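Here are some quick notes to read alongside the structure.

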Amino acid sequence: MIGIMSDSHDHMGGIRAAVKVFNQEKVELVVHAGDLISPFTAGAFDKLHAPLEAIFGNNDGERRGLMAAYAELCPLEDFKELEVDGRKIALIHGTTEALVDALRESGKFDLVIRGHTHRMEVTEGLTMVVNPGETCGYLSGDKTVVLLDTQDLSWEKVQL
């Protein structure tokens with residue numbers, strides 16, 4: 001099982017709540033689809049009992065500081081290809097819908113994880129697309145993450 005989150009936007013309470021959920025559920029990996037925002041957020045992710053994979057979002061302006069702060073947790077990039085339990089995963093923030101669509105339609109991935117819209121949405125199909133919504137709750141008022149079983153691609157939305 002993996003934990004999926006995005007758009008934490010410095011909301012330390014949301015990040016801590018997500019880390020608590022992921023640790024309680026004993027996920028094997030946590031994936032963050034961008035918009036971490038500030039380097040100081042790395043301290044909360046340091047409490048994870050699972051590895052972290054994260055990428056930059058469109059609001060991550062202080063890239064050098066973020067890269068230094070997250071250096072011991074994971075490298076930060078604009079896009080990542082991951083493999084978990086034999087599932088090929090594309091991780092992208094999703095600023096450009098055409099790129100998200102191209103990844104979904106490429107047939108190369110079992111799963112595309114994206115963020116950016118702050119709306120929780122899961123599209124099932126040959127390639128599943130998961131947007132966990134926002135960890136910060138700033139736009140929707142909902143702080144959400146997703147737990148995904150990589151064996152059968154079943155998933156659960158978790159309110160923080």
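1. Let's start with the record. UniProt, in an unreviewed entry, annotates residues 2-152 as "domain: Calcineurin-like phosphoesterase". Keep in mind that what you have on screen is a predicted model. In it, the end C-alpha atoms of that span, residues 2-152, lie 12 Å apart.

2. Now the inside. The largest nonpolar core has 25 residues, and the members touching the most others are Phe 22, Phe 45, Leu 52, Tyr 70 and Leu 76. At least two core residues come from each of α1 (12-24), α2 (42-45), β3 (52-54) and β9 (144-148). Helix α1 gives the largest share, with six residues.

3. Beyond its neighbours within four places in sequence, what is Phe 22 in contact with? On one list are Gly 3, Ile 4 and Met 5, then Val 27, Val 30 and Leu 48, and finally Val 145, Val 146 and Leu 147.

4. There is also a second, separate core, made of 18 residues. Ile 4, Ala 33, Leu 82 and Ile 113 are among them. So Ile 4, a member of this second core, is also a contact of Phe 22. As background, nonpolar side chains in soluble globular proteins tend to be buried together.

5. On to the sheet I'd look at next. It is open and built from five strands, ordered β4-β5-β6-β8-β7, with mixed pairing. From one strand to the next, the twist averages 20°.

6. Zooming in on one pairing: β6 (residues 111-113) and β8 (residues 128-132) run parallel and are joined by three bridges. Within that pairing, Val 112 has Val 129 of β8 as its bridge partner.

7. Helix α4 (residues 97-105) packs on the sheet, where it touches β4, β5 (87-92), β6 and β8. The directions of α4 and β5 make an angle of about 175°.

8. Last, a residue of that helix. Glu 105 sits in α4. Is Glu 105 buried or exposed? Its relative accessible area is 58%, so Glu 105 counts as exposed, the cut-off being over 50%. Glu 105 and Thr 127 are 22 residues apart in sequence, with their C-alpha atoms 7.4 Å apart in space.

Notes. Residues are numbered from 1 along each chain as its sequence is written. This is a predicted model: local features need pLDDT of at least 70, side-chain atom pairs count only at pLDDT 80 or more; totals for chains, interfaces and linings use all residues. Side-chain values use heavy atoms; hydrogens and water are left out. A nonpolar core is a set of buried Ala, Val, Leu, Ile, Met, Phe, Trp, Tyr and Cys residues joined through side-chain atoms within 4.5 Å. Buried means under 20% relative accessible area, exposed over 50%, partly exposed in between (1.4 Å probe, protein chains only). Helices (H or I, at least four residues) and strands (E, at least two) are DSSP runs, numbered from the N terminus. Contact means heavy atoms within 4.5 Å. Two strands pair if DSSP finds at least two bridges between them. Axes are lines fitted to C-alpha atoms, for helices over the stretch in contact, and angles run from 0 to 180 degrees between N-to-C directions. UniProt positions are given in the numbering used here, feature names are shortened, and annotations may be inferred rather than shown by experiment.
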